[in-house]
Amino acid sequence: MGIMEAERKTTGWAARDPSGILSPYTYTLRETGPEDVNIRIICCGICHTDLHQTKNDLGMSNYPMVPGHEVVGEVVEVGSDVSKFTVGDIVGVGCLVGCCGGCSPCERDLEQYCPKKIWSYNDVYINGQPTQGGFAKATVVHQKFVVKIPEGMAVEQAAPLLCAGVTVYSPLSHFGLKQPGLRGGILGLGGVGHMGVKIAKAMGHHVTVISSSNKKREEALQDLGADDYVIGSDQAKMSELADSLDYVIDTVPVHHALEPYLSLLKLDGKLILMGVINNPLQFLTPLLMLGEKVITGSFIGSMKETEEMLEFCKEKGLSSIIEVVKMDYVNTAFERLEKNDVRYRFVVDVEGSNLDA
């Protein structure tokens, strides 16, 4: 998967250096191969990872870089061997556009753990051509990495589900935490965290939001439907919650202590890490040993899980809380995202923007 053929031009907004500032960029877009889908992009969500990548926070960014991995668009052309999609379908593309197809994770339909996975952007195809993301007019993607957006789901609502939604759905599914009646904690109430609350509540869980301040209490309880809201530094309240949760989904993307949240877990409870953090985290081993608790991680989700999650969200009527912006606002949106000044996900109206400006 991922072999490139002939090329054609399209326009996106790219970062040229670690300043992360985006501006118009014209680049080559490959021709539609036998198993490829050519997509006219309608909108694209902004993920915190886009901020990290454009600013080279992880030390592995390549420029020019067109970010965006929560892509929704319309199929305008399909390859001769494409069986899942037809012209006119509304589809989505998430974080991946390629994998090896032969390793153990691929054989288990867990492509996100393939050692040769190809990212939607800031990566290269196996012929050396850079991948570029969804802040652009068009993209060409292998059919394996394209999903249908359920009929009736608004495109701008669907976009954040392709990363934030599946990122929380995947561990709940994988670790057997979908059954009703569980008690869970969501640490951090950003783009991923707010979907965590919504999805966990839709599964019938009692959900406690754990945050650093009271700033989002009303929104968490009234708008998102959380059952409880706790400030992590409130030792009295945290002590009341000790040994009470089946899981904590930790979405915090910066260095933080783990012990306060391990103490909330009951026997066999799981602390599921999702934040991409460069610095080592520490914990005291007795907090795990005296309760058979588990620290684990989860990373985005598979294509099958993405399809399941979209159907689940359609069935339950779930949507994201978003702010739609034009492409000429994207740099301001990135600045606001860096300050956590968004409720809870920016979505760029690509179709309605002038990308050549």
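Tutor: Pro 64 lies in the loop that runs between helix H1 (48-54) and strand S4 (71-78), where helices (H or I, at least four residues) and strands (E, at least two) are DSSP runs numbered from the N terminus. The model is predicted, so local features need pLDDT of at least 70 and side-chain atom pairs pLDDT 80 or more, while totals for chains, interfaces and linings use all residues. Residues are numbered from 1 along each chain as its sequence is written, and side-chain values use heavy atoms, without hydrogens and water.

Student: Which peptide bond at Pro 64 is cis?

Tutor: Most residues other than glycine have a negative phi, and most peptide bonds are trans. Here the bond from Tyr 63 to Pro 64 is cis, with omega near -5 degrees. Another cis bond joins Arg 343 and Tyr 344, with omega about -15 degrees. Tyr 344 is placed in the loop between helix H11 (330-338) and strand S17 (345-348). Asn 340 lies in that loop between H11 and S17 and has a positive phi of about 60 degrees, although not a glycine.

Student: How much area do domain 1 and domain 2 bury between them?

Tutor: The size of an interface is often given as the accessible area lost when the parts come together. Domain 1 (9-163 + 321-349) and domain 2 (165-297), with bounds from an automatic or database assignment, bury about 1,300 Å² (1.4 Å probe, summed over both). Ile 321, Arg 343 and Tyr 344 supply 42% of the area that domain 1 buries there.

Student: Which residue forms a salt bridge with Arg 343?

Tutor: Arg 343 pairs with Glu 219, the closest N and O atoms being 3.1 Å apart; the rule asks for a side-chain nitrogen of Lys or Arg within 4 Å of a carboxyl oxygen of Asp or Glu. One salt bridge is found across this interface.

Note on methods:
Buried area is the accessible area (1.4 Å probe) that two parts lose on being put together, summed over both.
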